[in-house]
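Hi everyone, thanks for coming. Let me put the structure up on the screen so that we can walk through it together.

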Amino acid sequence: MSAERRSRLVVVSNRVAINEKAMRAGGLAVALLDALKESGGLWFGWSGRVSDSTRVSTERFDRGRLSAVTTDLSSEDYEEYYNGFANRTLWPLFHYRTDLTRFDRDDYQGYIRVNQRFAHVLKPLLKANDLIWVHDYHLIAFGEELRRMGARQTMGFFLHIPFPSPEVLTALPVHDLLIRALFAYDVLGFQTETDRHCFHEYVRYEAGGHVDAQGRAHAWGRQVETAIFPIGIDSAEVARFAVSKEAKAHSSRMARVLRNRLGVVGVDRLDYTMGLPERFRAFARFLETYPENRGRVSFVQLAPPSRADVPEYVDIRHELEGLSGSINAEHSEFDWTPLRYINRGFSRRALAGIFRLARVGLVTPLRDGMNLVAKEYVAAQSARDPGVLVLSRFAGAARRGADAALIVNPYDIQGVADALHSALGMSLPERKERWRSLVASVREHDITEWREGFVRYLQAAQRADRRH
Ligand code: ADQ
C-alpha cells in the first residue's frame with residue numbers, strides 16, 4: 001500500500017452530513033462519504049445545534065472506520081459567525097451583492113472565534129499524516145488558526161461559491177486578513193477559471209504578490225497551489241431517481257395540473273442570488289410578448305425558504321409573494337394558473353420526476369458558484385423526449401460543457417422571455433441534439449471526478465511537502 005493511501009482524510013465543513021439519513025441522501029454528502037470511506041476518515045463541523053454549552057459529540061459509522069465529530073454553537077456564535085459574517089457579509093459580497101453586504105467588526109471577531117474554536121477542537125484529534133479538506137466560505141480562517149496551533153498536515157480548501165473580482169472584494173474592510181488566511185492552505189480549489197482568475201488578480205494587484213507558471217500564488221512570504229475542480233453530480237443516480245416510483249407519482253401529479261400544457265420548472269433555495277424576481281418578470285414578459293402561449297404554458301417554481309433569521313431573506317420572500325400574486329392576478333384564466341410558486345422542499349426522487357416532465361428547466365441565478373440543479377435537470381430527462389435547459393451565464397455550470405443550453409443574461413428580462421419562447425418552440429430533433437451534448441458532459445464531469453481530482457491534488461501536495 002502506498003504512503004498516500006494510508007493517509008486518513010479529514011473533511012471539515014460548516015455542517016456535517018454524516019448520519020444514517022445522509023448516508024442514503026446522495027449528492028455531495030455521499031461523494032464526501034465515499035472519499036472518507038476509501039481512507040477511513042473523520043468529518044468535523046457544526047452539529048446544527050445552538051446551545052450555551054460547547055458540547056463536542058462523536059459518532060462512529062461503518063464499523064468505526066468513519067467518525068463524525070460535531071460541536072454546538074452558542075447563540076452568540078450563531079448570530080455573529082453564521083448569520084452575521086458568513087451569511088450577511090461573505091455570502092452577499094462573494095455573490096457581487098455589495099448592496100446587501102453588511103459589515104460589523106463584532107461579527108468578524110465572532111467568525112474568527114468560531115474558526116479558532118473549531119481548530120482547537122480538531123487539533124488533538126489529528127494524526128501526523130492526515131489530509132485535511134476544508135469546505136467553503138464559513139471556514140476560510142480555519143486553516144490559519146490550525147497552523148497557529150502547530151498543525152503541519154497537508155490542508156486543502158474548496159470554495160463552493162464564486163470568488164469575486166478584487167474590485168468587489170476590497171469593499172470588505174478586512175479583505176487582506178481574510179485572503180492572507182487562505183495562504184495557510186497548501187491547495188485552493190475553485191469552481192471555475194473565472195474564480196481562480198479573480199483570486200490571482202487579487203494576489204497580483206492587492207497583495208503585491210505574483211502567480212508562477214504552475215498557477216501557484218505567492219504573497220505575504222507564503223505560497224499556495226491553485227486549481228479548478230468544477231463540481232458535478234451523480235448523474236446515474238439522478239437518472240435512476242427520475243424513473244423511480246416516487247418520481248413517476250410526481251410526474252403524474254404535475255401532468256394532471258398541467259393538463260397537456262407545457263411545463264417550465266425552476267428549483268432553487270429561496271435566495272436573493274437566484275434571480276427569482278427577474279425570472280418571474282421574464283415569465284410575465286414572455287406571456288405578454290408571445291400571447292399565443294397564454295393557457296398553453298405553466299411555470300412551476302419550487303423554492304424552500306432558507307436562512308430565515310437573516311432579514312434580507314425575509315425581504316426576498318415578501319417580494320416574491322407579491323410578485324407571484326400580481327402575475328397570477330393579471331394573467332390567470334378560470335382554468336389556467338400561469339405561475340405556481342411553492343415554498344417547500346421535495347425529495348430528490350420527486351424532484352427528478354418533476355424535472356423529467358418539464359419541457360424547460362429555467363436556471364437563472366444572478367451569480368452562482370456552480371448550480372447543481374442545472375445538471376440534475378439534464379440528467380433527469382428522457383432520451384426520447386428531452387427538455388431544454390435555459391441557463392444563466394453567471395452560473396459556474398455555464399462555464400464548461402454547457403454550450404448546448406440556451407445561455408441567457410438573467411438581468412435581460414426580454415432576453416430570457418425570448419429564450420423561453422425559443423425553448424418551448426424547439427423541434428424534437430434539436431432538443432435531442434442539444435440534450436445529448438449536455439448529458440455527455442454531465443456524465444463525464446461527475447461528482448466522482450470532482451472529489452477524486454481534489455483528493456489526488458492534496459495527495460500530490462503532501463508528497464511534495466518537505467514538512468513530512
Ligand atoms: P448549494 O445550495 O449547496 O450551494 P446548489 O448547487 O444550489 O447547492 O444545489 C442545491 C441542491 O438543493 C440541489 O441538489 C437541489 O436539487 C436541491 N434543492 C433545491 N431546491 C429544492 C427543493 N425545493 N426540494 C428539494 N431539494 C431542493 C453551493 C453553491 C453552488 C454549488 C454547490 C455545490 O452555492 O453554486 O453548486 O454549493 O458546490
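In what order do the 6 strands of the open sheet come? Before I answer, please keep in mind that this is a predicted model. The order is β13-β12-β11-β14-β15-β16, with parallel pairing. At the edges we find β13, residues 339–342, and β16, residues 406–408; each has a single partner strand, so one side of each is left without a neighbour in the sheet. On average, neighbouring strands here are turned by 20 degrees against each other, ignoring direction.

Let's zoom in on one pair. If you look at G263, you will see S298 of β12 standing opposite.

Now for a helix: α16, residues 413–425, lies across β11, β12, β14, β15 and β16. Relative to β16, helix α16 runs at about 170 degrees.

On to the ligand. There are 21 residues around the ligand, and those that come nearest are H160, F346, D368, M370 and E376. By type, the shell divides into 11 nonpolar, 5 polar and 5 charged residues. Helix α15, residues 372–379, gives the most to this shell, with 3 residues.

Which polar atoms sit by the ligand's oxygen atoms? For Q191, a polar side-chain atom lies 3.0 Å from a ligand oxygen. With N371 and L372 the backbone takes part: a polar backbone atom of N371 is 2.9 Å from an oxygen of the ligand, and for L372 the distance is 2.8 Å. As for burial, the ligand taken alone exposes 720 Å², and the protein buries 79% of that.

Key: Residues numbered from 1 in each chain as written. Predicted model: local features only at pLDDT ≥ 70, side-chain atom pairs only at ≥ 80, totals over all residues. Heavy atoms only, no water. Pairing = 2+ DSSP bridges. Helix = DSSP H or I, 4+ residues; strand = E, 2+ residues; numbered from the N terminus. Axes fitted to C-alpha atoms, helices over the stretch in contact; angles between N-to-C directions. Contact = heavy atoms within 4.5 Å. Near = heavy atom within 4 Å. Polar contact = N/O pair within 3.5 Å; in protein donor to acceptor, adjacent residues only side chain to side chain. Areas by Shrake-Rupley, 256 points an atom, 1.4 Å probe, with all protein chains shown as cover. Nonpolar A, V, L, I, M, F, W, Y, C, P; charged D, E, K, R; others polar.
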